[in-house]
Amino acid sequence: MTTTTPGPPALRTAVGTARTRVEGREKVTGTARYAGEIPFADLAHGWLVLSPITRGRIRDIDTAPVLAMPGVLTVLHHGNAPRLYTDYVGMLGTPPDPAAVVFQHDKVPFAGWPVALVVAETPEEAREAAEALVVTYDREPHSTVLTADDPDAYPAAGFMPAATEKGDLQGRLASSAVVLDEEYTTPEEQHSMMEPHAATARWEGGRLEVVDSNQGAGWVQSELATLFSLDASSVRVRSEHIGGGFGSKGLRAHQVSAVMAATALRRPVRVVLTRRQTFSLAGYRSPTTQRVRLGADADGRLRALDHRSLNQTSTVYEFVEPSAGVARVLYDADAHRTANHVVRLDVPSPTWMRAPGEAPGSFAIESALDELAERAGIDPVELRLRNEPETGPVSGLPFSSNNLAACLREGARRFGWADRDPRPGIRYDGRWLLGTGMAAASFEAGAMPSTALVTAEASGSYTVRIAAADIGTGARTALTLIAADALETTPERVHVRIGDSDFGPAMIAGGSMGTRSWAWAVTAAATELRERLAVTPDIPPEGITVRSDTTEALGALAQKERHSFGAQFAEVAVDTSSGEIRVRRMLGIFAAGRIVNPLTARNQLVGGMTWGISMALHEEAVRDRNTGRHYSPDLAGYHVATHADVPDIEADWVDDHDPDDPIGIKGVGEIGIVGAAAAVANAVWHATGVRHRNLPIRPDRVLAAAALPPSDSGAADA
Ligand code: MOS
């Protein structure tokens, strides 16, 4: 017989243990309420009317017939909407996207531009009336096609320098033993989060309250306060449960139009975007056209590297998809040049989308490295190991930690890479040609200033309050573990409340920086609270609250190259008679800092890798050049990988403790997609002997390539 003696909980053991989501039961039983389903008394419903024309002006909006329709309360448009204050730069360093700042003028800069909001008693009445609203336009000619040699393209910085350059590029290319000069393209991609955008705005006790689905309650709160010239303290934004964001859930037309309508009608107004509306109003990943030039010695050491990327943006907002930035981290060369360009077209504004820059940029550079390996007769893993930079290739700064080599070696070992025959197009399994491919990955690791409140309750439990966002990542659960360890208690005694701008400034869920930024603030407040309780253990009825602010601590961090790294491996089967590609297995090994919750971290990494499969094979939003509009902007026309497309995917990690983070965290939100599409494309080459430099690798592209004579393989892009 065994007996157990209950003892004190082991200290600081929560971080690193696999935990299901603390709100998991609420989510799977449907009691978790999302922004579009929280009930409000006297709620009115707004429906956005979008422009079917691609460029021009609104000549007339005939509101009278619609105002007479059942349940219709008002129609807002540029003729009656309040003018907003837009001349500012927000907390993320960007001005507001005019596509979100609705109804300010009569110009139409792209198809799907919001021209009116019809508000009615029910969503059905609002939709009926919105579809009946007659808007007449004066059309102007438009241009919506991105081309590599567009003369109007210009270098643009966005959130990193536009260009970097060192060394004599032409000279180094000319003297290299192995050279490569290729173009790669990626298409327009859509975030496709499960929950479309939704917001309810209401005035309550002299304060504007917006219940929203976003990646940062404080972010949206500060934008709305500025736009509407309100005191920040009189605006509250809440965002408790979020069905995915991936970069798209910031300030958008739905919140701004809901606030306008709630103010005009003096009652709560909800605006929900349809899936189709998200295609033009919620941002997207711009298509890219990228040119990569590489020069290497016979042993594969890079002597010249040139990566130029071009993306489109709207005529009203500049967004840079910084695809050329990835080579500033991964590879050095004597001559090294990277440059991001944009061109303004009559298209919706693109925005951040999971691993902005790295996702499409790694497709180009990691495909190019694979081509270089082929030409030099060097194993692709070995080629990357030979080109590991000692310091930041552009900055010259030391890495905080760089465990890419460990990822490459561990991944190669577990994937069985050593047995690979490098020759392409020779392995058959019935009608399938088989191949394997790999790619390296990096994504910036950072932290941004945040504040947190931690309260010791008289009941003996603890409450953490921070304006964090859990967009499906498991952030709420991760912060519970973080707080438990800092308080030296068990996770069961910690209650984490997030998604409320009243909790004070905090980083958004973005840039893979959320958990690290919030964990830092929570740890600081919890540590101070624990120290106070050690001296004064008596807790008054209102509890004891400690507030932290990490601004100073982060400002004191030394300048370093801080990144997560990864190695992606894929095996594919290609049927060149049908054009079908099946990914058979994938392995990703990551060095992404200390892993707070292995269960949800693995989920993030596998999710990113799944995006990579989807990017490689399926995703492509196609625009008709004549109308300027999308074909079939919905999840029937826009293909994302679904269960049957996703094979055995394994994600794991090597030890990687960020030395400058109090917990050792880096971040896992975006590294999973980086390199994943290249690994799949490189495997398709290994299977078939044909390079696909344009994503997605659709069946028709596989068929067209298979129809070419063998001597043309390697240039099969259509
Ligand atoms: Mo992410 S693209 O930083 O939400």
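**Where does Phe103 lie, and between which strands?**

Keep in mind that this is a predicted model. In this model, Phe103 lies in the loop that runs between strand E3 (72–77) and strand E4 (107–108). Its backbone deserves a look too: phi of Phe103 is positive, about 60°, although the residue is not a glycine. Most residues other than glycine have a negative phi.

Ala355 is another non-glycine residue with a positive phi, near 60°. You'll find Ala355 in the loop between strand E16 (335–344) and helix H9 (358–376). Ala355 is buried as well, because its relative accessible area is 0% and anything under 20% counts as buried.

Then there's a peptide bond to check: Leu695 and Pro696 are joined in cis, with omega at about -10°. Most peptide bonds are trans. Pro696 sits in the loop between helix H16 (676–688) and helix H17 (699–706).

**Around Ser564**

Ser564 belongs to strand E23, which covers residues 563–575. With a relative accessible area of 1%, Ser564 is buried. A polar atom of the Ser564 side chain lies 3.3 Å from the backbone oxygen of Gly667.

So who else does Ser564 touch, leaving aside residues up to four places away in sequence? Its contacts include Ala441, Ser442, Phe443 and Ala445. Also on the list are Ala591 and Ala592, along with Lys666, Gly667 and Ile671. Gly667 therefore turns up both as a contact of Ser564 and, through its backbone oxygen, 3.3 Å from a polar side-chain atom of Ser564, a residue that is buried at 1%.

**The whole chain**

Zooming out, the protein chain has 17 helices and 25 strands. Its radius of gyration is 26 Å, close to the 27 Å that the globule rule gives for 718 residues, so the chain is as compact as a globular protein of that length. Taken along the principal axes, the C-alpha atoms fill a box of roughly 80 × 75 × 55 Å.

Of the 718 residues, 60% count as buried. Among contacts with a separation of 6 or more, 82% come from residues 24 or more positions apart.

**Surface and charge**

The chain's accessible surface comes to about 27000 Å², and 51% of that belongs to carbon and sulfur atoms. As for charge, there are 69 positive and 89 negative charges, and their mean positions are 1 Å apart.

Conventions:
Residues numbered from 1 in each chain as written. Predicted model: local features only at pLDDT ≥ 70, side-chain atom pairs only at ≥ 80, totals over all residues. Heavy atoms only, no water. Helix = DSSP H or I, 4+ residues; strand = E, 2+ residues; numbered from the N terminus. Buried < 20%, exposed > 50% of the residue type's maximum accessible area, 1.4 Å probe, protein only. Polar contact = N/O pair within 3.5 Å; in protein donor to acceptor, adjacent residues only side chain to side chain. Contact = heavy atoms within 4.5 Å. Rg over C-alpha atoms; globule rule 2.2 N^0.38 Å. Areas by Shrake-Rupley, 256 points an atom, 1.4 Å probe, with all protein chains shown as cover. Lys, Arg positive; Asp, Glu negative; His and termini not counted. Charge placed at Lys NZ, Arg CZ, Asp CG, Glu CD.
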